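Let's take a look at one protein model together. Have the sequence and the 3D view ready.

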Amino acid sequence: MQIEDNITAVLYRAGDLRLEKRPISEPKDDEVLLKICVVGICGSDLHLVNDGRIGPKIVDKPAVLGKYGVAVEFHLTHILGHEVSGIVWKVGNNVLNLKKGDRVAVDPGVHCFRCDPCRSGRGNLCVNAVFAGTLQSDGCLSRYFAHSADFCYRLPDHVSLEEGALVELVSVAIHACKQGRVGHGSVVLVQGAGPVGLMSLLVSKALGASKVLVAGLWLPWVMVTRFNGCRLHTGQVGQGQGNRSGLYCSGSSKRFGRCC
C-alpha cells in the first residue's frame, strides 16, 4: 500500500485547531510506526481545544515547572489524541514483539522502567513518564504516529479497531474497580456519568456488583446509563452482600484527589 500524506490536527492555542501536513517520523530502534485507524476524543482533549490548557499545562507556553521541580519543555504547538488503535506500518531495528500489519491498541503513557514506582510494578506512577497527547509529547490525531513498541499491544482477531481504541479507557475503569475492591455483591457508587463513569459501571457489573448507582450532573449522560441495565432511582440504596465502593469519575478539577 502507498503511504499517504500525514494529515494532522494541530492545536496552536485555545480554539485554534488546524489540519496540516506533517513529516512522517522514522521509528527509533525500539519503536513502531503506526498507521492510525481510530482515535477517541478524551475530556482532556476538549479542555485543551476549548481552554488552551489542562491544569498547569498551557498550549503555546515554552516551559512549565514540573511537579518535582523540573522544568518540562512543552511544544508551542500540540497534536492531540491518546485513545488510539492502529496498524503497524514499520518496525524499529530492535523490535521483536510486533511485525508490519499487526493491529494494536496503544498505551499512551511510556514508563522509564528505572524509577522506584516502575521497579515496584506501579508504572502508572512513573516519575519520568512521557504521556502522548498531553503537551509533554505529541499525540495520535494524525495518519501516522511513532510509539514505543513495548506500549503497543496486539489485538485479538475478534476485537475490532474501534474497540481497540477503547482499551485505554477500559483499563482506567478496571484499575479503579480494583482499587475500590469491587467484587461479587458489592454496592458501587460511580460519581460522574461520562465515558469513564459509564465504563466503570460496565466493569462493576462484570465483576459481580449487586447494585451500581451512577450520579451525574449532565442528564443526557445519566440517561445513557438506562441502556446499560440501570434505572432511575430515588430513596435509600439498601444493603448489598459485599463491600461498598465509591468510584470518582468526574472531570471537575475542584474534586481531584490522589487516587492511584
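Predicted model: local features only at pLDDT ≥ 70, side-chain atom pairs only at ≥ 80, totals over all residues.

Residues are numbered from 1 along each chain as its sequence is written, and side-chain values use heavy atoms, leaving out hydrogens and water.

Start with helix H1, residues 43–51 (helices are DSSP runs of H or I, at least four residues; strands are runs of E, at least two; both are numbered from the N terminus). Its buried residues are Ser44, Asp45, Leu48 and Val49 (buried means under 20% relative accessible area, exposed over 50%, partly exposed in between, with a 1.4 Å probe and protein chains only). Seen down the axis of H1, these residues fall within an arc of 135 degrees, so they line one face of the helix (the arc is that of the directions from the helix axis to the C-beta atoms). After H1 comes glycine 52, with a positive phi near 75 degrees.

Now for the salt bridges (a side-chain nitrogen of Lys or Arg within 4 Å of a carboxyl oxygen of Asp or Glu). The count comes to seven, including these:

| Pair | N to O distance |
|---|---|
| Arginine 13 and aspartate 16 | 2.8 Å |
| Lysine 99 and aspartate 102 | 3.0 Å |
| Arginine 154 and aspartate 102 | 3.3 Å |

Arginine 154, in strand S14, and aspartate 102, in the loop between strands S9 and S10, are 52 residues apart. Aspartate 102 is buried at 6% relative accessibility, while arginine 154 is partly exposed at 47%.
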